[in-house]
Every structure is written in C-alpha cells, then in structure tokens.
Amino acid sequence: MSTMPVLYLSHGAPPLADDPLWTGQLARWSADLPRPAAILVVSAHWEEAPLTIGATTTQPLVYDFWGFPQRFFEVKYAAPGAPDLAAKVRKLVQSPDTPVRDEPARGLDHGAYVPLVEMYPEADVPVLQISMPTLDPSGLLDLGRKLAPLRDEGVLIIGSGFFTHNLTGMNMAAGTDITPPQWSSEFDAWGKEVLTERDFDALLDFGHKAPAARLAHPRTEHFAPLFVALGASIDRNEHADTTIDGYWYGLSKRSVQFD
C-alpha cells in the first residue's frame with residue numbers, strides 16, 4: 001500500500017465550487033495522488049475539545065453556513081463511514097492525559113465535503129472527520145505527529161482551512177479576480193517562503209513573525225489545520241509543494257502537499 005502524502009488545502013466558502021478553475025485544480029490534484037484507502041479530515045469548522053471523532057456511518061452533511069442560495073444547502077456527499085480508521089485514530093491519540101470523545105451523528109462540514117465533492121466525486125472513499133481540539137500550533141503539530149503512521153496504511157490526511165481568511169476584509173462586490181489586499185499578498189508570500197525553506201520555528205510563531213498576521217487571520221482557525229498536516233510530515237523531512245495558488249476575492253487559495 002502506498003504511503004500517502006499529506007495535504008493542506010484552502011477549501012473556500014461553498015460558492016468557490018462554482019469556480020471552474022478551482023474545481024479543475026482539485027480534480028487534477030486528486031488524479032495525481034495514490035488512491036487512498038480512507039480520508040481523514042481536520043477542518044477549520046470543527047473546534048471541539050477534547051478531540052472528538054465524528055460519524056463513522058454515513059450521516060447528513062453539516063451545512064454550517066448561511067446567506068447562500070438554496071442549492072448550496074442541497075448538496076449531498078454520501079461517502080462511506082470509516083469505523084476502522086476511527087479505532088486507529090483513537091489508539092494513536094488517546095491516553096490518560098488525552099481523552100477522545102465520539103459524536104456519532106456529526107456529519108461532514110463544508111470544510112470537508114466542499115473539496116471532496118471535487119476531488120472524489122463518486123463519494124466512494126471512506127471519510128472520517130475529527131475535531132480540532134486546540135488552535136495552539138504546537139499542540140496541533142503534536143496531533144499530526146501522532147496521526148502520521150496512518151499514512152503508511154493508505155490514509156490521506158487533509159488539513160482544510162484557508163491560507164488567508166479575513167471575511168470582513170473581502171469585497172464581494174469587486175469580483176473574484178480583484179487584486180488582493182496588501183495584508184493578504186504579504187502573508188501569502190511569507191507563508192510560501194517559510195514553507196519552502198522549512199523554517200518551521202517561524203511558522204509555529206506566525207502570529208508574531210508573519211507580516212499582517214492579525215489581518216490575514218483575525219482568528220487563526222483557518223490557518224491552524226496546516227499544523228496538523230505539517231506534524232504528520234515533519235519527522236520524514238518532507239517538503240511542501242504548492243499545488244494551488246492565487247486568490248479568490250482577495251483571499252489566498254494556497255494549498256500544499258507534503259511528501
């Protein structure tokens with residue numbers, strides 16, 4: 001079984017699925033990956049401590065957004081559950097100091113299903129979502145390290161967020177292809193550089209080291225899944241290759257693959 005890479009992807013709001021460029025990029029990305037035995041997703045849209053394991057059977061999606069046309073609330077993605085993967089996650093993560101909870105009725109949120117609809121449209125790969133138990137970069141790095149052995153069992157680990165994420169700084173009236181604001185482009189360029197140079201100390205301290213960090217991420221939940229992906233790869237001395245870049249309404253879509 002192939003050792004799977006690890007992904008951090010910028011999943012976007014549901015309307016990003018209307019962008020043929022982005023959907024095509026995701027489809028090509030998945031086509032170039034080894035076929036996963038299962039997918040494990042950590043999404044910016046599920047913060048819960050202690051770490052919580054979502055549904056292991058097919059459940060209704062979580063439409064965790066508002067203000068969009070009705071068709072976005074009618075999207076279906078009936079991927080198989082992954083109970084065996086859930087048991088492995090529990091074994092790797094749980095300890096007397098690190099409890100693990102279950103939320104068996106919690107379906108996939110849009111940070112998981114929006115990109116997966118484009119990457120695996122047949123919904124024929126088992127998917128498990130787990131919560132993000134902290135926003136602390138070091139804690140998430142440690143979580144990724146614990147999950148790393150799953151890669152050798154064919155599990156595709158995905159951290160799903162958005163490389164810059166300041167919704168109040170977006171100008172939806174200006175169109176998807178506007179010139180990005182300076183805070184977004186500066187943070188994106190810095191992030192690309194530190195990932196390329198493997199300057200993980202700077203990355204872990206991005207709140208102080210990155211330009212315009214507080215404008216790029218007023219809350220850090222959309223950058224945080226990157227640290228799970230990084231943790232699952234860091235001990236293998238792997239590089240982060242950008243697979244998608246550019247901007248959407250001024251927000252950076254940078255997505256990376258560690259392998």
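So, Val42 stands opposite Gly159, and that glycine is in strand E6. Before I go on, a word on what we're looking at: this is a predicted model, where local features need pLDDT of at least 70 and side-chain atom pairs count only at pLDDT 80 or more, while totals for chains, interfaces and linings use all residues. Residues are numbered from 1 along each chain as its sequence is written, and side-chain values use heavy atoms, with hydrogens and water left out.

Okay, back to the strands. E2 covers residues 38–47 and E6 covers residues 155–161, and the two pair in the parallel sense over six bridges.

E2 has another parallel partner, by the way: strand E5, residues 127–132, with five bridges. Over there, Val41 has Gln129 as its bridge partner.

How many of the ten residues of E2 are buried? Eight, so the strand is largely enclosed by the rest of the structure. Buried here is under 20% relative accessible area, exposed is over 50%, and partly exposed is in between, using a 1.4 Å probe and protein chains only.

Now, salt bridges. The structure holds 14 of them, each one being a side-chain nitrogen of Lys or Arg within 4 Å of a carboxyl oxygen of Asp or Glu.

Take Arg254 and Asp188: their closest N and O atoms are 2.8 Å apart. Arg254 sits in the loop between strand E9 (251–252) and strand E10 (255–258), and Asp188 is in helix H5 (residues 182–196), so this pair ties together parts that are 66 residues apart in sequence. And are these two buried or exposed? Both Arg254 and Asp188 are buried.

Then there's Lys209 with Asp205, where the closest N and O atoms are 3.8 Å apart. Lys209 counts as partly exposed because its relative accessibility is 47%, and Asp205, at 26%, counts as partly exposed too.

One more pair: Arg219 and Glu221 meet in a salt bridge at 3.1 Å, N to O. Arg219 is partly exposed, with a relative accessible area of 44%, whereas Glu221 is buried at 10%. Through salt bridges that share partners, Glu47, Arg219 and Glu221 are joined into one network. And Glu47 brings us back to E2, the strand that runs over residues 38–47.

Technical notes
Helix = DSSP H or I, 4+ residues; strand = E, 2+ residues; numbered from the N terminus. Pairing = 2+ DSSP bridges.
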